[in-house]
Amino acid sequence: MKAHIRKVATFVEETNTEMGRPINPPTRRAAAVAVIENPFAGKYVEDLSELMAIGEELGELLTLRAVAALGVPATSVESYGKAAAVGENGEIEHAAAILHPKLGAPVRRVLGKGAALIPSSKKRGGMGVALDIPLGHKDAAFVRSHFDGMEVRINDAPRANEIVVAVAVADSGRPLARVGGLTKDQIKGEDGLR
Amino acid sequence: MPEVQVRKKLTIVEEIFHEGGPSSSMPLRRAAALAVIHNPFAGAFVKDIAGFMDDLKPLGLEMARSLVAALGGDTTVVEGYGKGAIVGASGEIEHGALWHVPGGYAMREILGGAKAIVASTKKVGGPGTRLDVPITHINASYVRSHFDAMEVGLADAPRADEILLALVMTTGPRVHARVGGLKASEIKGEDGLR
């Protein structure tokens, strides 16, 4: 294992009612979050390929954990997202190296498909910083009912020399989605957008 | 007494491999179950509230079972526990106290008659309030290695007329416990204290 992992946390949220209206079946989403050592903390390093390899490894591990926590077959996952928070001795580019070059492929491999861009967010911050992981439909980015966000945080991370990396999956859209736009039954699934 | 209305649930599982020291072959796992319920007493002083404790019993049992499931389904791995509540702005701290009996006895029942009092905390607060749920050994409150706490919370709860209820279970001592005191191996198990 390339990543030095200090801890892994999973979060599963289930919404049963909203504004007094029952949500049946409930909307459910899960996030898996790893706290890892930042091998490049405190110094400028030109070649970030080690972090890219860590991203590939975490893409698989975190997606497997998140799907297992959600308790559904991987093929039932409808939307996904990813995020990272770099501790104060690192740079935002470290988050980019983990998230963008190689993390996505294993996520899609675990889920079976995933034509759409995986929406992402990143920041630098101290311990307990909140990550708002963006969520979007995995096969068609324009599905409006599935635009969402999931807040996660770990009170003791990231320490200055750490990075927090998160993958979120959901088997449903927002609880009472009603602002129109492309619906999931209209997905063509060719270009990842519609 | 009113029916318990659950708006949403959150399950958190942490797996802690190390905290700067040697990695453990048996990582510490900590799980929290949160439920956001409607506060039937919000907005006015209600003198007689105690009957709501009975109404909360099924939810307590369901949350305790979900924690055991989140930790792998085997009750014998559970060594620590705790509970807590956050009451929304239109309620009072006494509403949080309603959780002591149904939350605590649910865990002790599911764990087969754990002997120690369930450590607890509570507060009144708004959405996003964080709660440090205290944790102690399930059979002997003085076991020093198992004194711990898990921070929990939800970005959108509790609303003013809600209560956030929490139960926590852990599988062992702090990851690098080394400050002496009563050890788990020295428990007499008669009085729930030592």
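Helices, of at least four residues, and strands, of at least two, are DSSP runs numbered from the N terminus. On that basis chain B has three helices and seven strands. The model is predicted.

**Overall architecture**

The elements of chain B follow one another along the sequence as β-β-α-β-α-α-β-β-β-β. For chain A, too, the count is three helices and seven strands, and the pattern along the sequence reads β-β-α-β-α-α-β-β-β-β. The radius of gyration of chain A is 17 Å, close to the 16 Å that the globule rule gives for 194 residues, so chain A is as compact as a globular protein of that length. For chain B, a compact globule of 194 residues would have a radius of gyration near 16 Å, and the value of 17 Å agrees with this.

| Property | Chain A | Chain B |
|---|---|---|
| C-alpha extent along principal axes | roughly 50 × 35 × 25 Å | about 50 × 35 × 30 Å |
| Buried residues, of 194 | 55% | 49% |

**Contacts and charges**

Among contacts in chain A between residues at least 6 apart in sequence, 77% link residues at least 24 apart. In chain B the corresponding figure is 77%.

Chain A carries 25 positive and 24 negative side chains, with the centres of the two sets 4 Å apart. Chain B has 21 positive and 22 negative charges, whose mean positions are 5 Å apart.

**Helix α3 of chain A**

Helix α3 of chain A comprises residues 104-111, and its buried residues are Gly104(A), Pro106(A), Val107(A), Val110(A) and Leu111(A). These residues cover an arc of only 170 degrees around the axis, which places them on the same side of α3(A). An α-helix has 3.6 residues a turn, so residues three or four places apart point the same way.

Against which elements does the buried set of α3(A) pack? The partners are α1 (49-70) and β3 (79-86), both of chain A. Beyond the helix, the chain continues with Gly112(A), which follows α3(A) and has a positive phi, near 90 degrees.

Notes. Residues are numbered from 1 along each chain as its sequence is written. Chains are lettered from A and ligands numbered from 1 in the order in which they are written. This is a predicted model: local features need pLDDT of at least 70, side-chain atom pairs count only at pLDDT 80 or more; totals for chains, interfaces and linings use all residues. Side-chain values use heavy atoms; hydrogens and water are left out. The radius of gyration is taken over C-alpha atoms; the globule rule is 2.2 Å times the number of residues to the power 0.38. Buried means under 20% relative accessible area, exposed over 50%, partly exposed in between (1.4 Å probe, protein chains only). Contact means heavy atoms within 4.5 Å. Lys and Arg count as positive and Asp and Glu as negative; His and the chain ends are not counted. The place of a charge is taken as NZ of Lys, CZ of Arg, CG of Asp or CD of Glu. The arc is that of the directions from the helix axis to the C-beta atoms.
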